Amino acid sequence: MTIPQLQAIDLLALGPLLVLLFGALLMLFIESFFEKFAQKYSWVLTLAILGLGLLSAATAPASENALLTPWLRFDDAARFFTILFLAIGFGCTLLASSFFRVFQASQGEYYFLLLSAIFGLILIGGSADYLTLFLGIETLSLSLYILTGFMKRWKLSHEAALKFFLMGALATAFLVYGIAMMYGGAGTTRLDLLFSAYKKITDSSERTLFLAGAAFITAGLAFKAAVVPFHIWAPDVYEGAPTPVTAFLAVGSKLGAFAALYRVFLEELPNFDAMWNQGISVLAYLSIIYANLLALRQTHLKRFFAYSGISHAGFMLIPIAAETPASAHALLFYFVVYAAATLCAFAVISLLEKKPEGVTMHDLKGLYKRAPFAAGLLTLALLTLAGVPPTAGFFAKFYLFKAAFQAGYIGLVIVGLLATVVAIYYYLRMVAMMFAVQEEKEAVVGVQWSAVVLGSVVALFIAYLSVHPAPLLEVLSWAVK
Amino acid sequence: MHTLLNLFMIPFNGAFIVFVIGTATSRHLKTVAALLSLIPLAMLLTHPQGWLGSMVQVPWIPFLSIEFFLSVDGLSLLFLYLTAIIVPLSILAVESKHTPSQRTLFSLILILQGLLIGFFTSRDLALFTIFWEAMLIPLYFIIAGWGKEHKEQAAMKFIIYMIAGSSLMVAAVLALYFSGSHDSFNMDTLASAASASRYAPFICAVFLLAFAVKTPLFPFHAWLPDAYYQAPLAGTILLSAILSKAGIYGIARIGIGFFPALLKEWSPLLLGLAIAGTLYAALVAWKQNDYKRLIAYSSLSHVNFILAGLFVWHEPAQTGAILQAFNHGITIGALFLAAGWLERRLGSTYMDGAMGLAKYMPRLCWITMLFVLSSVALPGTNNFIGEFMVLFGLFGQSGWLAALLGLTVILTVIYMLRFMQSIYFGKASAYKHGWVDLAPKELLLAVPLAFLIFWVGLHPGPLLSLSKTPTSAATATAALEPS
């Protein structure tokens with residue numbers, strides 16, 4: 001038997017991962033030896049690395065090397081996830097560069113950790129085995145633990161990082177335990193063999209082992225995705241983390257966990273057991289109801305977005321519970337819309353940020369007068385998150401509901417729609433704040449160009465999606481094949 | 001037929017143009033916006049008959065089976081005319097001197113016009129829902145941005161009521177979609193399958209609730225007084241003259257078009273609510289000490305009258321009700337306009353301050369009087385035709401109910417004349433600064449409305465032929481189309 005060798009084509013297929021790996025190491029190297037240069041240009045370098053990664057992702061061929069295929073996928077879904085996570089990386093880099101213009105910190109390490117986290121995300125999106133999936137999640141999580149406490153002088157950050165680490169470690173334990181149990185039941189860690197292995201199980205104790213494993217894995221991923229009742233860490237961590245890291249938590253890490261759910265359950269274990277689907281629908285109910293009610297009471301914007309994120313996680317569970325043929329497609333579309341709208345909102349938040357305590361609702365007061373452009377961007381982002389037509393958020397929700405309705409989850413549709421009423425109240429309350437007249441002396445809105453660029457580009461993208469969502473849906477339909 | 005697509009697109013382009021011009025200068029912005037908003041009216045008037053049957057049908061989001069499908073029939077055309085008349089009116093009603101960020105306001109109104117044109121012509125149920133909810137957003141901003149003292153609360157109350165009322169509409173739309181065998185939201189195919197659906201009563205109830213809140217049907221009107229009162233003049237005109245008609249259009253298009261049997265079955269209850277609403281609102285209007293609130297309740301009373309006409313299961317009554325929807329739009333817009341002019345001169349909307357203003361502002365007085373006469377349905381004015389047809393239809397079913405509904409005509413006379421008397425007639429108060437009569441510009445705006453009121457009143461034939469519910473529309477459209 002000959003051992004297959006890695007060819008040039010395989011290296012190209014691994015391109016995005018390799019680019020990020022060496023890019024991240026380069027950032028660390030520059031930070032160690034050329035600190036001044038790193039302070040000034042590391043964000044440009046990071047953008048260049050991400051750009052190179054995008055280029056390589058767009059052109060990467062599929063590898064058929066037996067050394068790689070048991071571990072990594074090179075299908076269109078993997079390509080989609082790679083591009084999505086790199087784009088999120090772009091957004092978070094721009095946010096970080098605007099953040100570091102207000103707050104001083106060493107930047108090289110930051111971008112090293114950010115690139116590592118994105119590396120982990122891409123690994124999740126392309127995983128073909130529990131081993132790579134777990135590696136991806138851990139790479140992501142370890143980077144994020146450090147990033148959360150990155151501002152060494154911020155007390156709140158310390159607390160957040162510790163909480164996040166403890167909770168995250170617990171979630172990891174759940175995940176590993178679940179994987180072990182599923183391996184015990186099915187005898188494999190390869191995702192593509194799980195379904196047939198499960199169908200072959202005749203012994204009831206093995207079936208129980210498999211199902212318990214599925215439950216533990218779901219719980220572990222639900223921790224990462226911040227789904228009720230595994231969400232307790234989210235508001236504190238979101239509040240304590242530096243704003244670009246909060247944005248990454250809200251978009252990157254959440255969608256990473258959902259990418260894992262997508263890969264394992266939606267793709268490889270479709271409708272393997274009705275009990276699991278019912279469990280997911282319960283989580284969806286809980287998340288939507290709980291998060292929407294608590295979001296009503298938030299005044300701190302980062303905490304608010306934690307609850308808004310939990311509610312959106314609830315919505316993203318709807319198609320996973322429904323598992324119709326359209327589910328995967330609807331979910332991917334929701335990913336894109338949610339990521340775009342959240343990044344747009346965080347771009348505006350980073351424009352307003354002046355002090356470590358962050359931005360509160362009160363700081364939004366009279367924003368329309370002070371900075372009409374920023375107010376417009378935030379309004380668009382909030383309306384999209386609320387799912388008001390004719391924004392793309394409406395289509396995203398409509399598609400989810402259509403899938404859920406088809407699968408007979410009418411209760412979820414109705415709860416989701418009623419929650420939208422509450423959501424519109426709390427999102428519009430922020431909009432009303434911005435358009436209200438301000439009595440006190442006016443705080444100046446900073447102009448950090450990187451955040452302005454991010455906000456404008458994402459807003460244009462949302463506007464385009466709202467008028468003409470068909471092309472993106474077409475592209476996404478290749479990914480779900 | 002791309003003219004319909006142009007009709008739909010022109011307001012959006014207009015909004016963009018106004019917004020761009022507005023960044024440079026605010027001079028003549030109102031004129032530009034008004035001219036842009038008049039283009040749809042000009043387009044409609046150049047081919048009065050050619051519009052019937054014109055359509056645009058292109059796939060929009062194939063994965064969701066949503067088509068961009070607009071089409072014009074008689075019912076659509078009637079409401080298109082109303083939109084094309086009222087939107088320029090609301091723009092011209094804006095006082096250009098004291099209004100901040102006008103470019104945003106005019107852009108919002110123009111966007112609303114485009115959305116309304118889309119709403120009144122869409123034949124894809126998903127598209128219909130999108131326009132239905134989308135039109136709330138510009139209105140929310142118009143109220144919250146340019147309204148009176150408590151504008152934010154009023155705007156929030158307005159939009160929460162609206163969204164809550166129509167929140168389950170998406171579920172109803174999906175239920176209809178999955179009950180049909182076709183993979184589309186085409187309203188024509190869905191209409192025929194709707195009654196057969198297992199969930200038909202629920203679906204119909206959800207739609208009716210949405211329309212009832214927007215119109216509003218008694219007792220879903222709690223948002224109305226605040227929204228009408230706090231909104232700026234342009235917003236009040238838009239709310240009362242067109243937004244309420246969107247609900248009526250919805251009942252005619254979806255309620256009567258999709259679920260005729262169910263509506264017929266429920267008609268006693270709905271008719272009861274509508275008649276109760278008519279009387280209730282008329283009595284509340286009588287008690288008001290504020291003329292803007294008085295007219296707001298008068299509007300509520302009259303839209304419930306229209307709804308009563310729709311819920312009487314009788315063809316002339318329904319035709320009359322739809323014509324009355326158009327008439328009410330014109331009359332209430334005109335009344336709020338006249339009230340707005342008065343408010344600008346008095347600085348308040350209370351009725352116990354100034355008196356005998358006819359002495360200082362005779363032209364405003366007589367113009368208001370004319371609109372009031374139209375509102376009380378004097379023979380020869382537009383409202384007479386519609387209300388008469390509704391009462392006639394109702395009389396055929398129950399003389400008692402017709403008498404009860406007829407009572408509101410008398411109540412309208414009472415509260416309207418009370419308003420006229422306390423403000424314009426009686427012993428004149430001492431002159432105060434700013435009590436000037438209508439300027440020629442304002443008069444120029446009032447005269448076409450007055451003309452329209454009499455034209456419809458004396459020659460209702462052309463509009464009546466358009467005022468058909470979808471069930472009777474098929475034959476009417478066939479008769480109207482040039483062979």
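## Packing around B:Leu125

B:Leu125 touches B:Val173, B:Leu176, B:Phe185, B:Met187, B:Leu190, B:Phe207, B:Ile254 and B:Phe258, leaving out residues up to four places away in sequence. The model in which these contacts occur is predicted.

B:Leu125 also belongs to the largest nonpolar core, which has 388 residues. Together with B:Phe207 and B:Phe259, B:Leu125 touches the most other members of that core. The element that gives the most to this core lies in chain A: helix 14, residues 327–352, with 22 residues.

## Interface between the chains

The contact between the two chains involves 32 residues of chain B and 37 residues of chain A. Chain B and chain A bury about 3,100 Å² between them, and 84% of this area is on carbon and sulfur atoms. On the chain B side, the residues that lose the most area to chain A are B:Phe63, B:Leu64 and B:Phe178, which together account for 20% of what that side buries.

The largest pocket has a volume of about 2,100 Å³. Its lining comprises 48 residues, and those closest to its centre are A:Leu380, A:Pro390, A:Ala463, B:Phe12 and B:Ile111. In chain A, helix 16 (372–386) and helix 19 (449–467) each give two or more residues to this lining. In chain B, the elements that do so are helix 1 (2–24), strand 1 (55–61), helix 4 (102–121), helix 5 (125–134) and helix 6 (136–146). By class, the lining of the largest pocket has 37 nonpolar residues, ten polar residues and one charged residue.

For the second largest pocket, the volume is about 1,500 Å³. Among its 49 lining residues, B:Pro88, B:Leu89, B:Leu92, B:Leu444 and B:Leu445 lie nearest the centre. The elements that give two or more residues to the lining of this second pocket are helix 2 (29–46), helix 3 (74–92), helix 15 (315–346), helix 19 (440–458) and helix 20 (461–466) of chain B. Helix 19 of chain B provides the largest share, ten residues. The lining of the second largest pocket divides into 32 nonpolar, nine polar and eight charged residues.

## Cavities

The count of cavities of 30 Å³ or more comes to eight. The largest cavity has a volume of about 220 Å³. It is lined by 17 residues, of which A:Ala13, A:Arg73, A:Phe74, A:Ala78 and A:Thr82 are the closest to its centre. Helix 2 (15–33), helix 4 (76–102) and helix 5 (107–125) of chain A each supply at least two residues of the lining of the largest cavity, and the largest share, three residues, comes from helix 4 of chain A. Eleven residues of this lining are nonpolar, three are polar and three are charged.

The second largest cavity has a volume of about 140 Å³. Its lining consists of 14 residues; A:Gly387, A:Leu417, A:Thr420, B:Glu133 and B:Val170 lie nearest its centre. At least two lining residues each come from helix 17 (392–406) and helix 18 (410–435) of chain A. The classes represented in the lining of the second largest cavity are nine nonpolar, three polar and two charged residues.

## Two individual residues

A:Arg303 is placed in helix 13 of chain A, residues 301–322. Apart from residues up to four places away in sequence, A:Arg303 touches A:Pro235, A:Asp236, A:Glu239 and A:Gln298. A:Arg303 and A:Tyr238 are 65 residues apart in sequence, and their C-alpha atoms are 6.1 Å apart in space.

B:Ile295 lies in helix 14 of chain B, residues 291–311. B:Ile295 counts as buried because its relative accessibility is 0%, and the cut-off for that class is under 20%. With neighbours within four places in sequence set aside, B:Ile295 is in contact with B:Ile332, B:Leu335, B:Phe336 and B:Ala339. B:Ile295 and B:Ala193 are 102 residues apart in sequence and 41 Å apart in space, C-alpha to C-alpha.

Definitions and conventions
Residues are numbered from 1 along each chain as its sequence is written. Chains are lettered from A and ligands numbered from 1 in the order in which they are written. This is a predicted model: local features need pLDDT of at least 70, side-chain atom pairs count only at pLDDT 80 or more; totals for chains, interfaces and linings use all residues. Side-chain values use heavy atoms; hydrogens and water are left out. A nonpolar core is a set of buried Ala, Val, Leu, Ile, Met, Phe, Trp, Tyr and Cys residues joined through side-chain atoms within 4.5 Å. Buried means under 20% relative accessible area, exposed over 50%, partly exposed in between (1.4 Å probe, protein chains only). Helices (H or I, at least four residues) and strands (E, at least two) are DSSP runs, numbered from the N terminus. Contact means heavy atoms within 4.5 Å. On a 1 Å grid over the protein atoms alone, a cavity is a set of points where a 1.4 Å probe fits but cannot get out, and a pocket is an open set with protein on both sides within 12 Å along at least five of seven lines; lining residues have an atom within 4 Å of a point. Grid points are joined across faces, edges and corners, and a volume is the space filled by probe spheres set on the points. Ala, Val, Leu, Ile, Met, Phe, Trp, Tyr, Cys and Pro count as nonpolar, Asp, Glu, Lys and Arg as charged, and the others, Gly among them, as polar. Buried area is the accessible area (1.4 Å probe) that two parts lose on being put together, summed over both.
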